[in-house]
Amino acid sequence: MSDNLSELNLPHRLLLGPGPSLVHPRVYRAMTQPVIGMFDPVFIQLLDDTQRPLRTVFRTENDFTMAISGTGTAGMEAAIYNVVEPGDTVVVCRNGYFGMRMSEMVERCGATVVPVEAGWGRIIEPEQVEAALKSAGPVKVVAIVHGETSTGVLQPIAEISRLAHEHGALILADAVTSLSGCELLIDEWGIDVCYSGTQKCLSAPPGMAPITVSAQALEVIANRGEPVRSWYFDMTMLGRYWGGGSTTRAYHHTPPMTMLYALREGLRIVLEEGLEPRIERHKRNARAFWAGIEAMGLALHVAEEHRLTPLTTVRVPEGIDEMALRQGLLLEHNIEIGRGFGALEGQVWRVGLMGVGSSAENVLALLFALEAQLLKQGFGLDRGAGVAAAARSLNAH
Ligand SMILES: *Cc1c(COP(=O)(O)O)cnc(C)c1O
């Protein structure tokens, strides 16, 4: 066998799964800009330029607002490892896969997890968190997922955040799927630590994790009894590079410049569209998709009032081979959607309408392809009803 590789030539898939989502063409273009030095004044300016729009999309004035090198999970790890220490008690809301992942990280920090649980597809009720806060003794942090990508639930946070503060705890939220796709008000809701990822609604490739930290949380971090066990994600050191003045900026690690160009362009696109219109667009297209799915005789897994617009879970009907359907979508229609896993293994498909991928065209294309694949498996449906219902919904909104 020869060691020579052929030129890379990958298909342009329509990515309508739980992530990665479609990358905006302008983001790809920004990524071809030259790599420059990490202390180059031009690059430092780029860091500063990125922090301001990040504060805008997080709806925060937090000084500590930056991006961690790594995917959404790196953001989760940075958030948890910096605020949690051995011996702490942390209330972790677990109603899906990502809450479970947070729980594992908290345990790895040597802290005690007080779980608050709900079924996969339901929200965590504030009363549950309140009961945990009352019975657990001093709680340092309440950890919660805003948009649960494994279940399609949008978790209301404001009331839970208020309860956490009432009991002297910080609140830490995962907004990997929700940032710039759903309403998320860091300051108004009082969220202390919140992280996201570039690869969901920001329409950039996976690789950076935007994060914002309140002054109270920074104080908790500054008063830790022992150093953060992760060197790479030590926020105090990261802050010295991102936030330091031109003379005090210290080398910590080489930032992946290309990903910062991607994030910057992704944010520029969000601000051009406007945060509110963008969130509206995610709603409008998700509603059209939901209308189409129901008109085809399929069911949605989550009650309408708790549905996450960037990610929808569709119930797999009786007698349908869910994997064969996904394969048909990919190979015959070039469309990727996701499978259910964990408690929803084999029960749902996960459809992402995120960032640039959330469009009327994509909703209609997916419904058309889904119909073809369902008919192929002998599912009885009213031909064209899904696309028609979605089109009606789009015209009405
Ligand atoms: C995708 C996702 C993550 C993890 O992000 P990666 O980029 O896969 O590391 C974490 N939390 C939620 C809610 C997600 O949707």
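Just after helix α13, G378 takes a positive phi of about 80°. Helices here are DSSP runs of H or I with at least four residues, strands are runs of E with at least two, and both are numbered from the N terminus. This is a predicted model, where local features need pLDDT of at least 70 and side-chain atom pairs count only at pLDDT 80 or more, while totals for chains, interfaces and linings use all residues. Residues are numbered from 1 along each chain as its sequence is written, and side-chain values use heavy atoms, with hydrogens and water left out.

Now look at the helix itself. Helix α13 covers residues 360–376, which makes 17 residues. From its first C-alpha to its last it reaches 24 Å, close to the 24 Å expected at 1.5 Å a residue; the expected span is 1.5 Å times one less than the number of residues.

## The buried residues of α13

Which residues of α13 are buried? They are N362, V363, L366, L367, A369, L370, E371, Q373 and L374. Buried means under 20% relative accessible area, exposed means over 50%, and partly exposed lies in between, using a 1.4 Å probe and protein chains only. An α-helix has 3.6 residues a turn, so residues three or four places apart point the same way.

The buried residues of α13 pack against several elements, including α11 (275–295), α12 (322–333), β14 (348–352) and α14 (385–396). Strands β1 (14–15) and β12 (335–336) are also among these partners.

## Around the ligand

Let's move to the ligand. Its surroundings are T71, G72, T73, F98, V145, G147, T149, D174, V176, T177, Q199 and K200, where a residue is near if one of its heavy atoms lies within 4 Å. This shell divides into 3 nonpolar, 7 polar and 2 charged residues. In this scheme Ala, Val, Leu, Ile, Met, Phe, Trp, Tyr, Cys and Pro are nonpolar, Asp, Glu, Lys and Arg are charged, and the others, Gly among them, are polar.

An N or O atom in the side chain of T149 is 2.3 Å from an oxygen atom of the ligand, and for T177 the distance from a side-chain N or O atom to a ligand oxygen is 2.9 Å. A polar side-chain atom of D174 lies 2.7 Å from a nitrogen atom of the ligand. Taken alone the ligand exposes 380 Å², and the protein buries 90% of that; such areas come from the Shrake-Rupley method with a 1.4 Å probe, and for residues only the protein chains shown count as cover.

## Two serines in loops

S21 sits in the loop between β1 and α1 (25–30), while S203 is in the loop between β9 (193–195) and β10 (208–213). Why is S21 called buried? Because its relative accessible area is 3%. S203 is buried as well, at 3% relative accessibility.

Leaving aside neighbours within four places in sequence, S21 is in contact with L15, Q199, K200, S203 and M354. Contact means heavy atoms within 4.5 Å. With neighbours set aside in that way, the contacts of S203 include S21, H24, R278 and M354.

D192 lies in the loop between α7 (186–189) and β9, and it is buried, with a relative accessible area of 3%. A polar atom of its side chain lies 2.9 Å from the backbone nitrogen of I171. A polar contact is a pair of N or O atoms within 3.5 Å; within protein, one must be able to donate a hydrogen and the other to accept it, and residues adjacent in sequence count only if both atoms are side-chain atoms.
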